[in-house]
Amino acid sequence: MENRTALNSAAFCKMMQAVCRRVQEKKDWLSELDAACGDGDHGVSMGRGFTAIEGQLAGWNGLAPGILFKKVGMSLVSTVGGATGPLLGTVFMEAGKAAGDQAEITATALAAMFAAGLDGMVKRGGAKCGDKTMVDALTPAVEAMKQAADEGASPLVALCRAVDAARAGAESTTNMVSKQGKSRYLGERSLGHPDAGAYSIVTILEALAEAAG
Amino acid sequence: MRMKKLLNDPNDVRVELFEGFMGAYAKKFNLRRVEDYTVAVRNDIPQGRVAVLTGGGSGHEPLFPCALGPGMADAAVCGDIFASPSPELIVAGAKAVDRGKGVFIIHGNYAGDNMNFDMAVESLAEEGIQTRVLRVWDDIASAPLERYTERRGMTADVFLLKTAGALAERGASLDEMMTVMDRARHNCRTLGVAMTSATVPQTGKKTFEIADDEMEIGIGMHGEPGVGREKLGTADRTCRKMIDRIVADLPFRAGDEVAMIVNSLGSTTLMELYIMTRQAIRVLNEKNIKVYDTHVGPFATCQEMAGCMITLMKLDDELKALYDAPCYTPDFWFVPKG
């Protein structure tokens, strides 16, 4: 396993392919999670979105990482619908914008990308930490990436740390009362069930980390 | 119980249902599909008036496509099952119906719909197309009165689209429409009760479990569990509870006049709805609230959920005149009087 100091466009393409595959593997489980507090279609939405991306990846070969992420984001907004489309789409679009046309993405640049993505998601959806959403997984993930980058770690290590942090964040949503989305109407009944969207963030980061190696 | 629906590939539900709807009604109601999107628009919208656009997730038929027609909606944008349509579809629909006076958009108050419609409105503004958006938030169970902007949109869509369609026909501007529609929205209150959950076609799974002897008041339109579960009551007792709560919410007062929808959530029979209607009218009469008009049937459904939703809309002179204006659409029953 290579521990490169920067990820290039070929690496990012590989990473997105891994995300697409991983989402298909996990989509049924994500829908099940969603059924506990929502309308049970989160995995379906994710599957739809990433199937569309998988079909376009070949055509996006060679694009700079930032441009690739922007295209991923736009595709998600266009195909996923619901709340997930705008929110996840915005993460990728803003992350892509932050990367500009850099050809090689260091850990520092990666952290900046996801920080911009998180910012965009929060602006679009208005969720705060503790609302029981994707923000609860992405926020600690971005923190972990920033820290890893500050310590001089490679992008791969930064991603691995982000995965652990995201997982802990997603797990912690189990004990939160939902304040956003369809699950907010459950009130206290949303306790004891994790947020499906938070686990989608984990799924995406896991795949990115695996393929970055 | 396994899902047992007449489907093909569950992933093709949205497109196939849309094409079936168009096959049935496009000619009679003079509709066309916008490009290859699941967006339907009227062909005969007059120039120089505001266009009315609605949309949301599929799976709630007859809402939204059956609102298309003179006197009601000009564009219907259909998302995937229970998922809001993406901005691209909404923009395409709006551009197809804009006649120079802007587009009045009515959609349910859900996080997904809010974000997608907001993004579409941003895009449309960049292209110089004016819009006003009315989020429907009639469900009294989903949030307390003081947080009414968090309430979910339910059957009131039907009354509000009717009102908007009539306003647009009269030549009202976007701003004039907003003033009246704001009041119309305020006057609509809904409460639902469900006996069974729904299944999502793509997963075949039920969206929640409910015991054989239970009912769920405050049910969501997508099968998301409601805010309170109790033992199944009789129709009369359940209906009285629901009417009492709806009336207290606005509040509707003695002397008020209302239009009412007694809505099936999907699999509830007309038999049951009529039994509920009988009690609803009785209870309203006891409260001295006059029922001006009633509609009974499936108007905003959630797949095969068994349940009933009651919507009351308080009418004043202006709203009554708009309510009485003729309209002609695939599924809604308003007809010209006389």
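**Domains, contacts and overall shape**

Modeller: This is a predicted model, and its chain B is divided into domain 1 (11–181) and domain 2 (188–322); the C-alpha centres of domain 1 of chain B and domain 2 of chain B lie 23 Å apart.

Biologist: What makes residues of domain 1 of chain B count as in contact with domain 2 of chain B, and how many are there?

Modeller: Two residues are in contact if their C-beta atoms, placed from the backbone, lie within 7 Å, and 27 residues of domain 1 of chain B are in contact with 32 residues of domain 2 of chain B. Helix H4 (residues 156–170) of chain B gives the largest share of that side of domain 1, with 8 residues, and by class the side has 16 nonpolar, 6 polar and 5 charged residues.

Biologist: Which element gives the most to the side of chain B that touches chain A?

Modeller: The contact takes 29 residues from chain B and 26 residues from chain A, and H3(B) gives the most to the chain B side, with 5 residues. That side of chain B has, by class, 12 nonpolar, 12 polar and 5 charged residues.

Biologist: Why does the radius of gyration of chain A agree with that of a compact globule?

Modeller: A compact globule with 213 residues would have a radius of gyration near 17 Å, and chain A has 16 Å, so the value agrees.

Biologist: How do you know what share of chain A counts as buried?

Modeller: A residue is buried if 20 or more other C-beta atoms lie within 10 Å of its own, and by that criterion 63% of the 213 residues of chain A count as buried.

Methods: Residues numbered from 1 in each chain as written. Chains lettered and ligands numbered in written order. Predicted model: local features only at pLDDT ≥ 70, side-chain atom pairs only at ≥ 80, totals over all residues. Domains from an automatic or database assignment. Helix = DSSP H or I, 4+ residues; strand = E, 2+ residues; numbered from the N terminus. Nonpolar A, V, L, I, M, F, W, Y, C, P; charged D, E, K, R; others polar. Rg over C-alpha atoms; globule rule 2.2 N^0.38 Å. Buried ≥ 20, exposed ≤ 12 C-beta atoms within 10 Å, placed from the backbone.
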